[in-house]
Amino acid sequence: MLYTFMEMTRAAMLPWRTAANVARTSLRSPLNPMGDTLAGRTAAAAADVFESLTRYYGKPEWGFDTVAVNGLPVGVEVETVWRKPFCNLVRFSRDRAALAAARKVKETALADDPKLLLVAPMSGHYATLLRGTVEAFLPTHEVYITDWADARMVPVMEGRFGLGDYAEYVREMITIIGPGAHVAAVCQPGPPVLAALSLMAQDNDPARPATMTFMGSPIDARKSPTVPNKLAEERPFEWFRDNLIHTVPSVYPGALRRVYPGFLQLTGFINMNYERHVDAHYDYFANLVKGDGDSTDKHRQFYDEYLSVMDLTEEFYLETIADVFQAHALPQGNFEVKGRRVDPSAITDIALLTVEGENDDISGIGQTQAAHTLCSGLPKALREDYIQPDVGHYGVFNGRRFREEIVPRMNAFMERHAHPAKGRAA
């Protein structure tokens, strides 16, 4: 009943949000003599904060149609190249003529641009959370990303979607992109992506990629356990099943589907840094009163994305809790995909890079590095590890340090290990 109650509450708040919008608009009208007074600005700011805290945040747009290459704008078109009920494979197609001009090369040279699949986390937020990650690689790569579906929008007739299905989806998308590509798993996808690549190696699949990069991923959540890790271990599996799984209300296409609601996930995120979020909204209110447009715009951009959340299927969430955070199935050698045992040691020619953040409070240092231990069949020449100083979890895949320090390392790594895969595919 919790999900239904939340929807009823959201509907009941609609008149109040409408009133807040009307008050805000009228107080900021140049025709209102009260608008430029302290009282007027304060009332308008209060209405703005109220509206933003009670609004329903849907799936965000990607929000960019160009990318800067050597200081010149290059057009970008977002297109879906593969569809399934629980995920779309999205490609960011660059304007080839503009890109060639910006890089001062012939258009035919762009055919050699490496293909990069970014596997976005399915842990509450949409793939658009990696907007900055995509933009960082577009000047040099043909970028694809996994656009996971909101479970409440998928009809029950489409069936179930578990952790094994996730791994199979990833394998299919890698095959669609073609051999010799590069795969980067951001946070949560680490275990299922490693499982998918292990199965490709076990099958000697010619479509397997040239490199795999894991960024802040819980490959082995026993290493440097964080607050989320400890919560998953301390509470019994039944607690998660009985308290966090709810039924999608009839107002959504996925009515009657059992899910882990996005609003519960968001509550957990906020509670981890509650005081920081309270301070951020107080500063937002104060900046609205002062008229500091730059600061308020930055706040809106961040929270419009942060507060946009999606539901996860019951089976995917509970299998992740059980296999990744409680049984530690992958490092224990017990991870299975549709009944097949996964063996990461079978990987012998997919170069491995692990990236961690020094201050990561979601996936502690060592959790991602564990991939090197599991991929024991890889020669040392195909392995690299990097810990980025002075960044937390988000900084591993976004922000200034990511762009200036992590991206160049990833680009160099992928370039170094691209040719063997091309030769293997041939």
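1. The largest cavity. In this predicted model, the largest cavity is lined by Pro191, Pro218, Ile219, Asp220, Ala221, Asp323, Val324, His328, Ala329, Leu330, Pro331 and Phe335. Two elements give two or more residues each to this lining: helix H12 (314-326) and helix H13 (329-332). H13 gives the most, with three residues. Sorted by class, the lining holds nine nonpolar residues, one polar and two charged. The space inside comes to about 40 Å³. The structure has one cavity of 30 Å³ or more.

2. How empty space is found. A probe the size of a water molecule is rolled over the atoms, and this shows where empty space is left.

3. Four helices supply at least two lining residues each: H1 (2-27), H2 (38-54), H9 (262-272) and H10 (274-290). The largest share comes from H9, with seven residues. By class, 15 of the lining residues are nonpolar, eight are polar and five are charged.

4. Gly190: buried or exposed? Gly190 has a relative accessible area of 0%, so this residue is buried. Gly190 sits in helix H6, which covers residues 190-202. Setting aside residues up to four places away in sequence, Gly190 touches Ala185, Phe214, Ser217 and Ile219. One of these, Ile219, also belongs to the lining of the largest cavity.

5. Glu77: buried or exposed? The relative accessibility of Glu77 is 52%, and therefore Glu77 counts as exposed. The cut-off for exposed is over 50%. Glu77 lies in strand S2, residues 72-84. Neighbours within four places in sequence aside, Glu77 is in contact with Arg91, Phe92 and Ser93. Asp65 is 12 residues away along the chain, and the C-alpha atoms of Glu77 and Asp65 are 6.4 Å apart.

6. Strands of a sheet pair through backbone hydrogen bonds, either parallel or antiparallel. Here the order is S8-S9-S10, the sheet is open, and the pairing is antiparallel. Which strands stand at the edges? They are S8 (246-247) and S10 (312-313). Each has a single partner strand, so one side of each is left without a neighbour in the sheet. S8 is joined to S9 (residues 258-260) by two bridges. Across this pair, Thr247 stands opposite Arg258 in S9.

7. The annotated span. What does the UniProt record place at residues 216-417? The unreviewed entry carries the annotation "domain: PHB de-polymerase C-terminal" for this stretch. In the model, the span is 48% helix and 12% strand.

Methods:
Residues are numbered from 1 along each chain as its sequence is written. This is a predicted model: local features need pLDDT of at least 70, side-chain atom pairs count only at pLDDT 80 or more; totals for chains, interfaces and linings use all residues. Side-chain values use heavy atoms; hydrogens and water are left out. UniProt positions are given in the numbering used here, feature names are shortened, and annotations may be inferred rather than shown by experiment. Buried means under 20% relative accessible area, exposed over 50%, partly exposed in between (1.4 Å probe, protein chains only). Contact means heavy atoms within 4.5 Å. Two strands pair if DSSP finds at least two bridges between them. Ala, Val, Leu, Ile, Met, Phe, Trp, Tyr, Cys and Pro count as nonpolar, Asp, Glu, Lys and Arg as charged, and the others, Gly among them, as polar. On a 1 Å grid over the protein atoms alone, a cavity is a set of points where a 1.4 Å probe fits but cannot get out, and a pocket is an open set with protein on both sides within 12 Å along at least five of seven lines; lining residues have an atom within 4 Å of a point. Grid points are joined across faces, edges and corners, and a volume is the space filled by probe spheres set on the points.
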